[in-house]
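Please walk through this chain one element at a time, with the structure open beside the text.

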Amino acid sequence: MVRKGLRMMIGITAAAALLGGCSAANSGSAESTAAAQEASTEAERAESTAAPESSAAAESAENSDPAEKAEFSVITDAVRQSVDEMVYENADGQMVVSHKYGETVVPENPERIVGLKLEDLMLALGVDMVACQNISGYYLEDEINALNIGTIAVDEESNTVNLEQVLSYEPDLIVIRDSFDQSVYDQLSGIAPTIAFDLQTPVQSILALGKALGMEEQAEARLEQYQAKIVDAREKLSAVDGQEVAMLRIMPKEIRLYPYSSNNMSKFLYDELALTPDPMAVAYDGSKNLAISMESLPDLTAEHIFVIAGYGTASAEQVEAARERYASIQEDPLWQDVPAVKSGNIYEVDSRVWLTHGIIAVERKIDDVLSYLAPENAE
C-alpha cells in the first residue's frame with residue numbers, strides 16, 4: 001500500500017516538480033556554463049550521453065510492482081536480437097563484429113589481446129589481456145595488478161591512446177570502448193584488428209564480446225551470476241520498499257540531480273534494484289540539463305540520497321575541488337533543510353565507481369547500496 005500511494009504521488013506531482021526542476025536548472029545556468037568550460041573527462045562524456053528517453057516516466061515508475069520483480073531478467077529477447085545483429089558469421093565462416101566505427105573480422109583464437117577502457121567487461125568475462133588501461137585509484141586497479149596485465153596510457157582530457165605502448169605489446173586483437181574518436185580507432189586498426197563495444201549497455205556488450213571471442217557460455221554464466229546478485233539485492237532491500245531514493249553529484253560549479261530512467265549512471269537504482277525514485281528525479285527524466293540550484297535542494301523528499309563528490313578518472317585537483325565544494329555545501333542552511341540530511345540518510349559514495357559503467361561497477365554500486373539501506377544483509 002505504501003508503494004502504491006507513492007506511485008500515485010509521483011504521477012500527480014511529476015508535472016509540478018518538472019516545472020520546479022526546470023526553474024532550478026535555469027537558476028543554475030551560470031554555473032552550468034562555467035562547468036562546461038572545464039576540461040572534459042571520460043566520466044563527463046559518458047554521463048552526458050543519456051539512454052533513450054522513457055515514453056512516460058510516471059508510468060514506468062508504476063510498473064515497478066513486486067510481481068514484476070519476480071520476472072526480472074537481465075537478458076531480454078531484444079538484447080539477444082541486438083547481439084545477433086552485432087556479431088555474426090560471414091559467408092566465409094569468419095566471425096564479424098559490427099560496431100560504431102564499421103565492421104571487423106575477428107581473428108581466430110587471438111592470443112595477445114589489448115583492452116582499452118573496456119576493462120570491466122573484459123575482466124568480468126575472464127578474457128586474458130596482455131595490456132589495458134590502469135591508473136592509480138582505478139576501481140579495477142587491484143585486479144589488473146594481480147593478473148600482471150601490462151599498462152597502456154590513455155589521456156583522459158584528449159581521449160587518446162599511447163600508440164607506441166600498444167605497439168610494444170604486439171597485439172593480434174584490440175578491444176575498445178566505443179567512446180573514442182574515429183581517428184583513434186583508425187590508428188588502432190592500423191596496428192591490429194580492432195572491435196568496439198558500448199560500456200553503457202554492459203549486458204548486451206558482454207554477450208556480444210563473448211560471442212565474438214568464442215566465450216558465449218562464459219558470458220551467459222557471468223550474467224546469471226550478475227542477475228542472481230540483483231535479485232538477491234532486491235529481496236534484501238524489501239525493508240525500504242516504497243521509500244524514495246535520489247542521487248546527487250557535487251561538482252566545483254554545479255550540483256546535478258540524476259533522473260529516474262534516462263541516464264545510465266543512475267537508472268540501476270530504479271531499473272535493477274527497483275527502488276522508488278524521488279518525484280524530482282522522475283520529473284528530470286530526459287532532461288538535457290541536470291543542474292539544480294541550492295534553493296531547490298529542500299524540495300527533494302527522498303528518504304535516502306546518495307552523493308557523489310568528484311569525477312570518475314579526472315585529476316586529483318578536480319576531485320579535491322569537488323570535495324571542497326561539498327564541504328561548503330554541507331554548511332549551508334539550505335542543505336541542512338533537506339529531509340534526508342535532517343534524518344541522517346545522506347551517503348557519500350566513491351566517484352570512481354559510481355561514475356562508470358560495467359558489470360563489475362554495478363555490482364560494487366549494489367554492495368554500496370546494501371551497506372547503507374540494508375546493512376544487516378550486506379555482504
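Val245 stands opposite His304 in strand S14, and this pair belongs to the contact between strand S11 (residues 244–251) and S14, which run parallel and are joined by six bridges. The model is a predicted one, in which local features need pLDDT of at least 70 and side-chain atom pairs count only at pLDDT 80 or more, while totals for chains, interfaces and linings use all residues. Residues are numbered from 1 along each chain as its sequence is written, and side-chain values use heavy atoms, with hydrogens and water left out. Helices (H or I, at least four residues) and strands (E, at least two) are DSSP runs numbered from the N terminus, and two strands are said to pair if DSSP finds at least two bridges between them.

S14 also pairs with strand S15 (residues 346–349), again in the parallel sense, over four bridges; in S15, Ile346 is the bridge partner of Ile305. How many of the six residues of S14 are buried? Six of the six residues of S14 (residues 304–309) are buried, so this strand is largely enclosed by the rest of the structure; buried here means under 20% relative accessible area, exposed means over 50%, and partly exposed lies in between, with a 1.4 Å probe and protein chains only. In a regular strand the side chains alternate between the two faces of the sheet. Both faces of S14 are covered, with buried His304, Phe306 and Ile308 on one side and buried Ile305, Val307 and Ala309 on the other.

A second sheet is open and has five strands in the order S6-S5-S4-S9-S10, with parallel pairing. Its edge strands are strand S6 (150–151) and strand S10 (194–197), each of which pairs on one side only. Within this sheet, strand S4 (residues 113–116) is joined by four bridges to strand S9 (residues 173–177), the two running parallel, and Val114 has Ile174 in S9 as its bridge partner.

Met122, found in helix H7 (residues 119–125), is buried, with a relative accessible area of 0%. Leaving aside residues up to four places away in sequence, Met122 touches Ile113, Gly115, Val127, Met129, Val175 and Leu209, where contact means heavy atoms within 4.5 Å. Cys132 lies ten residues from Met122 in sequence, and their C-alpha atoms are 9.7 Å apart in space.

The next sheet is open as well, with three strands in the order S1-S2-S3 and antiparallel pairing. Strand S1 (87–89) and strand S3 (102–105) are the edge strands, each pairing on one side only, and the twist averages 30 degrees from one strand to the next. S1 and strand S2 (residues 95–99) run antiparallel and are joined by three bridges; Val87 stands opposite Val97 in S2.

Helix H6 (residues 77–86) lies across S1 and S2 and runs at about 50 degrees to S1; the axes are lines fitted to C-alpha atoms, for helices over the stretch in contact, and angles run from 0 to 180 degrees between N-to-C directions. The buried residues of H6 are Val79, Val83 and Met86. They cover an arc of only 65 degrees around the axis, which puts them on the same side of H6, the arc being that of the directions from the helix axis to the C-beta atoms. What covers these buried residues includes S1, S2, S10 and helix H11 (202–212), whereas on the other side of H6 the residues Asp77, Ala78 and Glu85 are exposed.

Helix H12 (residues 216–236) can be examined in a similar way. At 1.5 Å a residue, its 21 residues should span 30 Å, and its end C-alpha atoms are 30 Å apart, which agrees; the expected span is 1.5 Å times one less than the number of residues. The buried residues of H12 are Ala219, Arg222, Leu223, Tyr226, Lys229, Ile230, Ala233, Arg234 and Lys236. They cover an arc of only 165 degrees around the axis, which puts them on the same side of H12, while Glu217, Glu224 and Glu235 are exposed on the other side.

For the chain as a whole, there are 19 helices and 15 strands, and of its 379 residues 53% count as buried. Among the contacts in the chain with a separation of 6 or more, residues 24 or more positions apart account for 69%.
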